[in-house]
Amino acid sequence: MSNEQTIRDLYAAFQSQDVETITGMVSEDVDWNNDRVTSRECPWNGNFSTRAKMPGFFQAIGENLDFSVFDVQTIVASGSSVAVYLHFECTVRKNGRPFNNDATHFWTFNAQGKIIRYRHFNDTGAELAAWRD
């Protein structure tokens, strides 16, 4: 399976809340660290590195955000890297605020076709404003 197809399958699994399938796509020591962003107080922005911790990322999203739109618009694959441009719209459960944003996800694969790194880039100011009470 190509890296691009793996990412397409990953987003399909995300939309159906199939974290077990996603977990099977990553390496044991996957680098899933988004704690260096301005909006790191949002529970889904943290260090979820390693296959054992990574499901906590999806738990944080599932407990805190209600998605109405999750639209993967562009996928670009080159060698061991896949970049994705997407648009999403959701509501923060704790305060009912909308959080609508465009984002870029950057995925890196090893030679065995497992994801070894994930990075998420979006408007962290808008994210933080939506999160805060």
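**Figure 1. Glu41 and Arg132 form a salt bridge.** At 42% relative accessibility, Arg132 counts as partly exposed; by definition, buried means under 20% relative accessible area, exposed means over 50%, and partly exposed lies in between (1.4 Å probe, protein chains only). The closest N and O atoms of Glu41 and Arg132 are 2.9 Å apart. Glu41 lies in the loop between E1 and H3, and Arg132 in the segment after helix H4 (124–131), so the pair ties together parts that are 91 residues apart in sequence. A salt bridge here is a side-chain nitrogen of Lys or Arg within 4 Å of a carboxyl oxygen of Asp or Glu. The structure holds 6 salt bridges. Helices (H or I, at least four residues) and strands (E, at least two) are DSSP runs, numbered from the N terminus. This is a predicted model, in which local features need pLDDT of at least 70 and side-chain atom pairs count only at pLDDT 80 or more, while totals for chains, interfaces and linings use all residues. Residues are numbered from 1 along each chain as its sequence is written, and side-chain values use heavy atoms, with hydrogens and water left out.

**Figure 2. Arg119 forms a salt bridge with Asp31.** The closest N and O atoms of the pair are 3.0 Å apart. Arg119 belongs to strand E5 (residues 115–122) and Asp31 to strand E1, so the contact ties together parts that are 88 residues apart in sequence. Arg119 is buried, at 14% relative accessibility. Asp31 is partly exposed, at 24%.

**Figure 3. Glu28 meets Arg51 in a salt bridge.** Their closest N and O atoms are 2.8 Å apart. The pair links distant parts of the chain, 23 residues apart. Glu28 sits in strand E1 (residues 26–31), whereas Arg51 sits in the loop between E1 and helix H3 (55–64). Glu28 is exposed, with a relative accessibility of 55%. Arg51 counts as partly exposed, at 22%.

**Figure 4. Strands E2 and E3 form a hairpin.** Strand E2 (residues 65–78) runs antiparallel to strand E3 (residues 81–92), and 12 bridges join them. Two strands pair if DSSP finds at least two bridges between them. Val72 has Leu86 in E3 as its bridge partner. The hairpin leaves 2 residues between the strands. Gly79 is in the turn and has a positive phi of about 60 degrees.

**Figure 5. Strands E3 and E4 form a hairpin.** E3 pairs with strand E4 (residues 98–109) in the antiparallel sense, over 11 bridges. Glu89 has Asn100 in E4 as its bridge partner. Here 5 residues lie between the strands. Gly96, in the turn, has a positive phi of about 75 degrees.

Figure 6. A disulfide is a pair of cysteine sulfur atoms within 2.5 Å. Cys90 is in no disulfide. The count of disulfides comes to 0. Cys42 is buried, at 0% relative accessibility. Cys90 is buried, with a relative accessible area of 2%.
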